[in-house]
Amino acid sequence: MSKRTAKEVRRAILMVLNDEKEHSYGDIERKVNTNWLTVRNHCADLEVFDAITVSDDKVKITKQGRELLRRL
C-alpha cells in the first residue's frame with residue numbers, strides 16, 4: 001500500500017465538505033481516513049487559497065473551494 005499524495009488527501013477533504021455543512025476536524029478525519037494532524041495541516045493550506053473557511057474548529061467549503069474540487 002502506498003501513501004496518498006497531498007493532492008489526493010486535499011481532494012478527499014473537499015469531497016467530504018462538498019455537502020456544504022460544517023464539519024469538525026474529527027469528522028473529516030474519520031471520513032477521509034487520515035490523521036487529525038494531517039487534516040488540520042491540509043485545511044490550513046486550503047484556507048490560504050480561500051477554498052475553505054475555519055472558525056472555532058469547524059470547517060466549511062466556499063464557492064471557490066467547489067470550483068477547485070471540480071478542477072481536481
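**View 1. T62 sits in the loop between β3 and α4.** Helices (H or I, at least four residues) and strands (E, at least two) are DSSP runs, numbered from the N terminus. T62 has a relative accessible area of 18%, so T62 is buried. Buried means under 20% relative accessible area, exposed over 50%, partly exposed in between (1.4 Å probe, protein chains only). Leaving out residues up to four places away in sequence, T62 touches D50, A51, I52 and T53. Contact means heavy atoms within 4.5 Å.

This is a predicted model: local features need pLDDT of at least 70, side-chain atom pairs count only at pLDDT 80 or more, and totals for chains, interfaces and linings use all residues. Residues are numbered from 1 along each chain as its sequence is written, and side-chain values use heavy atoms, with hydrogens and water left out.

**View 2. The largest nonpolar core has 17 residues.** A nonpolar core is a set of buried Ala, Val, Leu, Ile, Met, Phe, Trp, Tyr and Cys residues joined through side-chain atoms within 4.5 Å. I13, L14, L17, I28, C43, I52 and V59 touch the most other members. At least two residues each come from α1 (6-17), α2 (25-32), α3 (36-48) and β3 (58-61). α1 gives the largest share, six residues. Setting aside neighbours within four places in sequence, C43 contacts I13, Y25, I52 and V59.

**View 3. Helix α1 has buried residues V9, A12, I13, L14, V16 and L17.** Their cover includes β1 (23-24), α2, α3, β2 (52-55), β3 and α4 (63-71). How far apart are the end C-alpha atoms of α1? They are 17 Å apart, which agrees with the 16 Å that twelve residues should span at 1.5 Å a residue. The expected span is 1.5 Å times one less than the number of residues in the helix.

**View 4. G26 belongs to helix α2.** G26 counts as buried because its relative accessibility is 18%. W36 is ten residues from G26 along the chain, and their C-alpha atoms are separated by 6.5 Å.

**View 5. The largest pocket holds about 160 Å³ of space.** On a 1 Å grid over the protein atoms alone, a pocket is an open set of points where a 1.4 Å probe fits, with protein on both sides within 12 Å along at least five of seven lines; lining residues have an atom within 4 Å of a point. The lining is K3, R4, T5, A6, V9, N33, T34, T38 and H42. α1 and α3 are the elements that give two or more residues to this lining.

Conventions. Grid points are joined across faces, edges and corners, and a volume is the space filled by probe spheres set on the points.
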